[in-house]
Amino acid sequence: MNINQLKYFHKLVELKSFSQTAEFFSVSQPTITEAIQKLEKRNHTTFFKRNHAHQELTLTLDGKQFDLHVAYMLHEMKLAQNDLIANHNKYIRLGLPPIISSYYFPRVSKQLVKAGLLSKLQTIQEGSQSLLRLLIDGEIDIALLGSIEPLDRRDLNAITFAHFPIGIIVPSTHPLASKKMVKFIDIAKENFIMPGKSFVHNRAFNYLSRQNHVHPKVIFRTDNIKMIKEMVNSNIGIGFLTTLAIDKRDNLDTLLLSDDDVPNFNLSIAYRKRHLLTIEEEKLLTILQKSYLST
């Protein structure tokens, strides 16, 4: 049993066609057939049922079971290859979501320069969910992630080191500006300007909507946080945003929510458990965690 046989098998499960599988790998169809036969003989079973009359290929129970293990083995092999490449890479591949890259990462930049690490970072900027997938697949080494729930995965080491409230932002001229706290139900009839659907804010917003049995009106969504704040300042609507993204220079008032169990924007560092940290990556983790306490 070799890695190519497993790759052929897994792709055949997906495509259910010997000819298409052969075309995908640029090999002859007999090569695929021989590989599958060897796997079946080695395991004393049949993985596929072939209906030549209707040219159909279906997976047996043993085939389904075997593919679950093959998918895991191929994934681990890919991770191993990515880790070996990363070990010889001059850069640390660091994932940064938009809000964290704009409003948190600059706070730690000076310390990273002093440690000689800033020039060794290769940053990938995506939403937290996209970065989580890249991390699991070994495409990045470390990620700073935003979430409203603890990152609890068996394949990750995740350290949550900061919590920021998610509140309502309004211009100083808005009737609500005089308040420090509000209940979500009391502002549910307002027009909302929200971050894009890939942002974790939407999960918190939907949770509060369900808890209060309301359907607030979202008139605009954008991934551009600066645009959200500018539109709120223009009194087009109110915003729902973590306080991490709010600065005094924005001239916005932030109202905290007095509801029970209001989700927070949690800031975490994550890396795969099977990824052995280099000395420089350990330094990076230490700076990213401790820098928050000193800001």
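Which residues do ring pairs link into a cluster? I find Phe9, Phe47, Phe48 and Phe66 joined in this way. The model is predicted, so I note that local features need pLDDT of at least 70, side-chain atom pairs count only at pLDDT 80 or more, and totals for chains, interfaces and linings use all residues. Residues are numbered from 1 along each chain as its sequence is written, and side-chain values use heavy atoms, with hydrogens and water left out.

Entry on ring pairs. I pair rings of Phe, Tyr and Trp (its six-membered ring) if their centres lie within 6.5 Å; planes under 30 degrees apart are stacked, over 60 edge-to-face, the rest tilted. I get 12 aromatic pairs. Phenylalanine 24 and phenylalanine 25 have ring centres 4.9 Å apart and planes at 80°, so I log them as edge-to-face. Phenylalanine 184 and phenylalanine 205 are also edge-to-face, because their planes stand at 80°, with centres 5.6 Å apart. Both of these residues are buried (under 20% relative accessible area; exposed is over 50%, partly exposed in between; 1.4 Å probe, protein chains only).

Entry on a charge. Lysine 11 lies over the face of phenylalanine 24, 4.1 Å from the ring centre (the rule: NZ of Lys or CZ of Arg within 6 Å of the centre and within 35 degrees of the ring normal).

Entry on the lining of the largest cavity. I sort the lining into six nonpolar, five polar and no charged residues (nonpolar: Ala, Val, Leu, Ile, Met, Phe, Trp, Tyr, Cys and Pro; charged: Asp, Glu, Lys and Arg; polar: the others, Gly among them).
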